[in-house]
Amino acid sequence: MSRSHPAILEIDHLKKYYPIQKGFLRRTVGHVKAVDDIRLTIHEGETFGLVGESGCGKSTLGRCLIRAVEPSSGQVAFTDRSGERLNVLSLDNKKLKKLRQEMQMVFQDPFSSLNPRMTVFNIVAEPLVCNGIARGAELVRRVTDLVERVGLERSHLNRYPHAFSGGQRQRIGIARALATNPRFIVCDEAVSALDVSVQAQIINLLQDLQRSLGLSYLFISHDLSVIEHISHRVGVMYVGKMAEIGETEALFAKPLHPYTEALLLSKPAADPAKRKERYVLSGEVANPASPPSGCAFHPRCPYATERCKTDTPALVEVEPDRYSACHYAGELQLQGKRQS
Amino acid sequence: MSRSYETSSQWRLMWRKFKKHRLALIALPLLLLLYLTAVFCGFLAPNLPETRFVDYKNSPPQKLRFVDEEGKFHLRPFVYGYKMEIDKESFRRTFTADTARKYPVHLFVKGDSYKLLGFIKSDVHLFGVKDGNPLFLMGTDKLGRDLFSRILYGSRISLSFGMAGVALTLVFGVIIGGISGYFGGWVDTVIQRLIDLLISIPTIPLWMALAAALPRTWSTAQLYLGMIVIFSLIDWTGLARVVRGKLLSLREEDFTMAARLSGASHARIIFRHLLPSFYSYLIVTTTMAIPTTILGETALSFLGLGIQAPAVSWGVLLKDAQTLQTLAHQPWLLWPAAFIVLTVLLFNFLGDGLRDAADPYK
């Protein structure tokens, strides 16, 4: 799924720094490096899973791609339907609006992402109306199609969001994202707020849509099992930087970064007999306003050496299609996912 | 859950919640009644506010009776005339009911002519007694003017003042608060510090200073407008804060971002997403601000700094009840206070109910 498919999104040196301002005059006294020098390629038809602890910058990265948040610097190249490579960060408002027809977003919170004062019809129709794609009977037909496509009924169109469950609301959000017929969708923790059984339904829906519409996803989640299930490739983020990138199976079987190992091991095993050997990741996520020197993970890393405290490791291709930002990526024998 | 619930708009959900608030549900029609009274005061009042009944200065309220002194029941209510006695020592005139003179109260009586709504000339009053005989349901003041009629006429200024004052406050509050919340940054800081400054000044002295600055030569209408401006200049701060806070939180809501990503223009986001989300809050804040404004006008007029006689407002009427002496001998002059209390209470009940209903999604 990776090299054989053309890239749809190429991210290069992407940064998002939030200034920390103090005092009445709002002097900038430092920066929160939410996204710090990310390089990443997402291929057509692929689901790229982005995983990491809360506050590691996953969502900010997702939002930067669609320019819901303005990145500080870097490059994002998006290949549109006609094959043209667009420089996302330098588009003017008009072209950005066009880009967003091909690039959409599904939000985490199914409650705050739908305007409670609009009917389902108006919510799903909004992108079509705003982009002047359809009106009148055509609009009704397309909205009905969309709603049915995500597993809701025509009779739901006149209802308000308050009449729906979390899973149904998320379906409405997906229908809205699909309205302009996009090629790439950022799913920002799209199932995190849902019950486990409902999560599965939404994931299946996303996978069905991917197959039938040829969509590419950036799937952001903190839930390893969800990521493992849905992603073709996975990126592990830690304090604004990419710790490791690799194909899902390979990465879960044999991580190349101690942080990935720690995440995999901290996942509770299904078998209670194995509980004793449970590994607990000690310490807190580093503060992105003042990340530790050298490798940001070194204060929590069981393998850390003096070198890790001073040298910042770069993300390098350790094995074919396996990238890791650890000085000892090839040397450490790290444990993969427990067999359960 | 019924089908109607699922397809209910925000307003219908609000109405559902509002209905559960008993007091508010009672307050709403009563307030409407008060305002209708103010609009049709000419028709409802038996007398004109400025007519002096020189023979009946300081007369106490008449009782509306159905049963006469012989115990006979009359279907048509009536009032007794007054019998005046002069105390030989204090020379104070006291009025008692004269059971010998009965004046039946009729509906749609012809009396003094007035202009309904300011332009329809009429001389028909809803009720009254015939042949120019006295009917003072709430007594008269020291010049012999019917207090009940004066209260009804006074409600025009007092009640409309609340509405008009708050309307202007709303304009200031929404615009300034909107700028503060929408632009943020140093604009926000400056506006917020200005609000802090304004709030820190004690209101009554500030009102007094500003009201004293209005020229005494101004007509009633000018004074009225001037006072509205004074009130809103001081009062907008609270509303501006509400608007700013609400805008700040709404800007962060995902549906606002979703709309932006859907290609919605700024105007569309503001008018379809942001504004509808805080209409309800505006209504609540406004409702709660009306009684404060009414009380403010009353206070200033009571102190003699607001609306000036011969114009009547409830505050102006209360000015007559300033001394202990009048309170002891003419306690009925406190009737306007009862109307003020009633209005303020009703507005607070209504505001309470609206606040509960304001966000039907929580």
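**Terms and values**

Guide: Buried residues make up 36% of the 362 residues in chain B. The model is predicted, so local features need pLDDT of at least 70 and side-chain atom pairs pLDDT 80 or more, while totals for chains, interfaces and linings use all residues. Residues are numbered from 1 along each chain as its sequence is written, with chains lettered from A and ligands numbered from 1 in the order written.

Visitor: Why is B:Gly238 called partly exposed?

Guide: Set the count against the cut-offs. A buried residue has 20 or more other C-beta atoms within 10 Å of its own, an exposed one 12 or fewer, and a partly exposed one falls in between, with C-beta atoms placed from the backbone. B:Gly238 has 18, so it is partly exposed.

Visitor: Where in chain B is B:Gly238 found?

Guide: In helix α8, residues 220-252. Helices are DSSP runs of H or I with at least four residues, strands are E runs of at least two, and both are numbered from the N terminus. Chain B has 13 helices and 5 strands. B:Gly238 also lies 7.6 Å from B:Gly173, C-alpha to C-alpha, although 65 residues separate them in sequence.

Visitor: What makes up domain 1 and domain 2 of chain B?

Guide: Domain 1 is 3-39 + 152-358, and domain 2 is 62-140. The bounds come from an automatic or database domain assignment. The C-alpha centres of the two domains of chain B lie 38 Å apart.

Visitor: How many residues of chain B are in contact with chain A?

Guide: 21 residues of chain B are in contact with 24 of chain A. Contact means C-beta atoms, placed from the backbone, within 7 Å. On the chain B side, α9(B) gives the most, with 6 residues. That side divides into 9 nonpolar, 8 polar and 4 charged residues. Nonpolar covers Ala, Val, Leu, Ile, Met, Phe, Trp, Tyr, Cys and Pro; charged covers Asp, Glu, Lys and Arg; the others, Gly among them, are polar.

Visitor: What joins strand β1 of chain A to β2(A)?

Guide: 12 bridges, with the strands running antiparallel. Pairing requires at least two bridges found by DSSP, so β1(A) and β2(A) pair. A:Leu14 stands opposite A:Ile38 in β2(A).

Visitor: Which strands of chain A are the edge strands?

Guide: The open, antiparallel sheet has the order β2-β1-β4-β5 in chain A. Its edge strands are β2 (27-43) and β5 (85-87) of chain A, each pairing on one side only.

Conventions
Contact = placed C-beta atoms within 7 Å.
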